[in-house]
Amino acid sequence: QSEDSDKSSKESDSETEVEQVSGYHKLLATLKTSPESESEEEEDETESEEAEESEAEMDSEGSQETGEAEEGEEDKNDVPEEEEGTTDTAEQTLSQEQADGTDTSCDPRHGVIEEFTDVKHESEFSLETNFMEEESEDCNADKRDSNPFKQHMDKELEEKEIEKMSTLPKTSSQSQWPRLGQVIFSSTLEKHKTLKADKEFDVKQLHLHKPLESTWPKVNKQFLSAVDKPTDSSLTPLQRELFCVMNSYRDLFYPERNALTNGEEIRHAYCLHALNHVLKANAQVLSNNAKRRDRKPGTDTEDHRDQGLTRPKVLMIVPFRECALRIVHIFISLLEVNDKKKIDVSNKKRFKGEFGSDPEEKPPNLKRPEDYEAVFAGNIDDHFRVGVAILQKSMRLYAPFYSSDIIIASPLGIRTVIGAEGEKKRDFDFLSSIEILVIDQADIYLMQNWEHVLHLMKHINLLPLDSHGVDFSRVRMLNLNNWSKYYRQTLLFSALQDPQINSVFNKHCFNYAGQVAIRNVPLTGSISHVVVQLPHVFRRLEADSVTSVIDARFQFFIDKVLPEYRDAIMSHTLIYVPSYFDYVRLRNYFKKEDLSFTHICEYTKKGAVCRARRFFLKGEKQFLLFTERFHFYKRYTIKGIRNLIFYELPTYSHFYSEICNMLKATDSGVDATWTCTVLYSKYDAQKLAAVVGIDRTAQMLQSKKNVHLFVTGEN
């Protein structure tokens with residue numbers, strides 16, 4: 001791109017600018033734990049030891065406030081810190097591949113870095129000034145009619161089809177696939193041929209760009225087991241079915257991503273698809289560059305419309321820096337044909353320094369569930385963005401956005417570039433021609449700030465405000481017609497079904513090729529993992545609409561539920577609140593009513609957390625208001641619980657059994673008096689099914705009576 005293009009992208013140029021972090025952004029940062037705050041976590045401590053440790057920890061806080069936390073304790077300037085996890089092999093491998101002499105930046109830990117433009121590599125990675133290497137046959141191979149990339153991007157939609165997609169509802173059909181389960185196909189245009197998962201196929205049937213055919217089997221070997229058939233040497237059964245959908249260029253929503261089991265094999269599959277797309281698109285441009293160069297004067301000029309209005313083609317949204325590190329490592333592995341043919345990666349040293357983590361930073365002796373360790377591995381900073389340019393046998397990290405093929409960012413990282421209406425320094429033109437959008441681990445953004453995701457979806461595939469030096473004679477008609485969103489493929493991966501995630505997939509995905517969603521229903525539910533003997537009472541509340549259910553729940557709670565727990569005999573009551581706004585509302589109500597309570601949320605300071613836990617354990621405070629986000633980021637075991645109230649069903653179903661099983665940490669010998677009350681409405685069907693199973697959910701939604709379940713601990 002031109003120099004003007006670089007100048008216009010200053011604010012979107014990776015991570016180098018010194019940003020003024022507002023109190024709002026500090027509020028959004030995720031949490032971090034220091035070793036001293038964990039000392040009270042041992043499960044086998046007596047109550048007196050717990051109190052002593054909490055006191056000791058309070059003393060160690062020094063500058064923390066000394067009184068009981070006031071209502072305004074969750075100060076917006078209090079930066080929630082991040083939980084340190086474990087590092088992974090991605091960083092170590094990247095370290096081994098270190099290239100010398102390509103880094104032009106200083107370590108950010110040693111002071112302010114200047115604006116990073118990487119002028120040195122600009123011409124080397126420019127699509128306009130480079131040509132397809134003569135020995136490369138990739139562009140010719142991609143001319144095959146069966147090539148999914150060309151089929152999707154070359155299809156010319158008509159006005160009436162666009163109008164149809166904008167006005168008519170989608171028609172859907174379903175199918176049962178061996179590994180994915182229940183697959184729902186939906187489309188507005190005429191019914192497409194039914195997509196079937198091939199049971200066996202050769203790697204050549206994947207239509208991979210030439211280097212990937214040889215590198216993919218080697219890179220993916222770690223996920224293949226002896227059980228896999230020898231005829232299918234490159235994909236796991238899950239990857240085969242997912243890639244079948246991806247390679248058809250349909251939108252995909254897969255809500256069964258699990259950081260412990262299938263997370264990495266899914267990451268490898270979408271990285272393969274994204275890289276394959278970029279290599280094919282760039283090969284097409286470079287090939288056409290050569291044709292234009294070799295064209296004889298006076299001959300008819302052939303149309304070579306092969307580009308978007310801006311260069312970025314793929315946007316990958318991931319929650320933490322560790323995820324970006326792993327993605328880049330996969331890209332490098334896929335581009336290196338063998339050990340002798342290493343690719344040149346610009347700025348690798350700087351990338352490792354900013355996206356890697358120090359193994360020694362992990363606090364010792366933390367007892368956390370396995371899924372927690374898997375999610376919070378490595379560098380879990382959630383404010384980053386990095387541009388990646390790929391050209392033939394080279395990769396450039398920290399490319400300015402308008403010179404990038406792939407942008408990897410967190411929701412917060414991309415949000416601070418897009419900005420808000422009225423801000424002087426904002427830019428979203430680089431999102432105008434995104435052809436593949438990957439949103440991985442979408443459930444984590446519910447725990448960060450979902451508004452950032454919605455803000456991104458509102459600003460993607462809009463016409464740019466500036467030309468950014470583009471050659472309009474090379475721009476595809478679909479981009480000039482402002483139809484980019486109808487060609488964009490969205491790949492959405494999540495650990496759970498959630499109405500907010502479903503809404504993004506249903507309302508912000510317009511792909512003409514259609515959508516594919518996996519909709520399997522849970523048969524048992526997480527209640528089967530409760531190991532304590534506990535009566536569960538599910539209390540149904542009535543609401544006229546989704547918007548009115550918030551007020552209806554609050555009124556139901558203070559009128560019907562809370563009066564039963566005001567008696568002193570119902571002490572040690574923990575109230576689990578998923579929404580921070582509900583938490584603030586309840587906290588204010590409890591304060592106004594002068595109830596005996598304490599509270600913990602994701603913004604509560606460490607000293608206040610210790611005091612709240614001690615007051616609750618000793619019975620000095622009758623109620624403990626407890627937010628879901630605090631549990632997500634900390635996973636503390638709260639001791640002293642005798643009565644549980646789920647103000648709303650948890651976002652993550654396994655949190656239900658985790659919270660219930662905290663009762664076994666209470667050595668009071670009064671098991672018979674334990675209670676668990678759950679509030680739900682007809683709008684909580686998905687969350688309810690994940691907790692009690694689909695059969696019980698159907699019965700509970702049909703009946704308007706309260707439902708009593710007793711879990712023996714052996715279910």
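Biologist: In what sense do strands E6 and E8 pair, and over how many bridges?

Modeller: Strand E8 (residues 406-409) pairs with E6 in the antiparallel sense, over 4 bridges. One of the contacts between them joins Val388 to its bridge partner in E8, Ile406. Strands themselves are DSSP runs of E with at least two residues, helices are runs of H or I with at least four, and both are numbered from the N terminus.

Please note that this is a predicted model, in which local features need pLDDT of at least 70 and side-chain atom pairs count only at pLDDT 80 or more, while totals for chains, interfaces and linings use all residues. Residues are numbered from 1 along each chain as its sequence is written, and side-chain values use heavy atoms, with hydrogens and water left out.

Biologist: What else does E6 pair with, and what lies in the hairpin turn?

Modeller: Strand E7 (residues 394-397) is also antiparallel to E6, again over 4 bridges. There Ala389 has Arg396 as its bridge partner. The hairpin of E6 and E7 has 2 residues between the strands, and Gln392 in the turn has a positive phi of about 55°.

Biologist: Why is strand E6 called largely enclosed?

Modeller: Buried means under 20% relative accessible area, exposed means over 50%, and partly exposed lies in between (1.4 Å probe, protein chains only). In E6 (residues 385-391), 7 of the 7 residues are buried, so the strand is largely enclosed by the rest of the structure. Both faces are covered: Arg385, Gly387, Ala389 and Leu391 are buried on one side, and Val386, Val388 and Ile390 on the other.

Biologist: What makes E1 and E5 the edges of the sheet?

Modeller: The sheet is open and has 11 strands, in the order E1-E2-E11-E3-E10-E9-E4-E8-E6-E7-E5, with mixed pairing. E1 (171-177) and E5 (344-346) each have a single partner strand, so one side of each is left without a neighbour in the sheet. From one strand to the next, the twist averages 15°.

Biologist: Which strands pair with E4 in the parallel sense?

Modeller: E4 (residues 314-317) pairs with E8 in the parallel sense over 4 bridges, with Ile406 in E8 as the bridge partner of Val314. E4 also runs parallel to E9, joined by 4 bridges, and here Ile317 stands opposite Ile439. Both faces of E4 are covered, with Val314 and Met316 buried on one side and Leu315 and Ile317 on the other.

Biologist: Why are helices H16 and H19 called roughly parallel?

Modeller: Axes are lines fitted to C-alpha atoms, for helices over the stretch in contact, and angles run from 0 to 180 degrees between N-to-C directions. Angles under 35 degrees count as roughly parallel, over 145 as roughly antiparallel, 65 to 115 as roughly perpendicular, and the rest as oblique. The axes of H16 (residues 450-459) and H19 (residues 499-507) come within 11 Å and cross at roughly 5°. That makes H16 roughly parallel to H19.

Biologist: What makes the angle of H8 and H10 roughly antiparallel, and which residues meet?

Modeller: Their axes come within 12 Å and cross at roughly 170°, which makes H8 roughly antiparallel to H10. Contact means heavy atoms within 4.5 Å; by that rule Pro211, Leu212, Trp216 and Val219 in H8 meet His268, Ala269, Leu272, Leu275, Asn276 and Leu279 in H10.

Biologist: Is Cys660 buried or exposed?

Modeller: Cys660 has a relative accessible area of 0% and is therefore buried. Cys323, with a relative accessible area of 5%, is buried as well.

Key:
Pairing = 2+ DSSP bridges.
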